[in-house]
Amino acid sequence: MLDLIIKGATVIDGSGSEGVGLDVGLEGDRIVSIAGSIDVESAEILDASGLALAPGFIDVHSHDDFHVLIEPEVRHNILQGITTAIVGNCGFGAAGSAAGKIQMKAINEPSVALPDWTGYAGYLEHVDKTSPVLNIAALIGHHTVRREAMGGVADRPPSETELASMLVHVTEGMEAGAVGISTGLVYEPGRYADTEEVVSLSKVVGKYGGLYVSHMRDEGGGLLDSVQETLHIGERSGTSVEISHHKSVGKTNWGMVTQSLEMIEDAV
């Protein structure tokens, strides 16, 4: 006996093939059968004729770090078919909580007071307790780590002590289960970091098999230099690389993505 049969949906499986009308059978939270017709006893049958059925989408660029704690239903994502979100993008991370709350105000100020937590272990524990309907994975935010270690926005390189503190924060995040580190090198305070600072932090991430995810330093006339810097950081740190926003801004730079894509292809 199955727990649920979804009948007659147009199944789009993500392989690139045309959608096919199929039945899908579930036991608990697992798909156990996909066939043209499933005719067995089931606790529930859902007629999905005329509807599409697909695997849940993964939003790899979310800023819902705090929203998943405030509205665990996360309706704006679920209604789009998103079932997994990667938070902590563009350098805006949730931990430590004091620096994270200040930094996040730049893009998504919390609508209610949130508890404090220590490090990413504390943040992810709060996510587990809140139990949002989405799967959540977190990136360590470079802005937040830098602000935490340097006592705010600082237009200078970190001291040896401050860099050591940043490395401790990144290590804690990776040990807690973060999937990588993100930068927003066009924003404060990330724009004040040089390449070697980011390489140093990303090397820790690379040891854990994590990602380097970047909102790059320049998406206009300096696009090619920014792509080169991003690839360099990935190569030096041993991380896989994701470029968050790949575009050429400004009419005079239109078409430059042809060259930047070639650079990326050559690096793969």
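**View 1. Ala9 in strand β1.** Ala9 sits in β1, the strand covering residues 4-11; strands here are DSSP runs of E, at least two residues, and helices are runs of H or I, at least four, all numbered from the N terminus. This is a predicted model, where local features need pLDDT of at least 70, side-chain atom pairs count only at pLDDT 80 or more, and totals for chains, interfaces and linings use all residues. Residues are numbered from 1 along each chain as its sequence is written, and side-chain values use heavy atoms, with hydrogens and water left out.

View 2. With a relative accessibility of 1%, Ala9 counts as buried (under 20% relative accessible area, with exposed over 50% and partly exposed in between; 1.4 Å probe, protein chains only). Beyond its neighbours within four places in sequence, Ala9 is in contact (heavy atoms within 4.5 Å) with Val20, Gly21, Leu22, Ala48, Leu51 and Leu53. Ala52 is 43 residues away along the chain, yet the C-alpha atoms of Ala9 and Ala52 are 5.5 Å apart.

**View 3. The open sheet.** Six strands line up as β6-β7-β8-β9-β10-β11, with parallel pairing; two strands pair if DSSP finds at least two bridges between them. At the edges are β6 (57-59) and β11 (240-243), each pairing on one side only.

View 4. Look for the 3 bridges that join β6 to β7 (residues 82-87), running parallel. Phe57 stands opposite Ile82 of β7.
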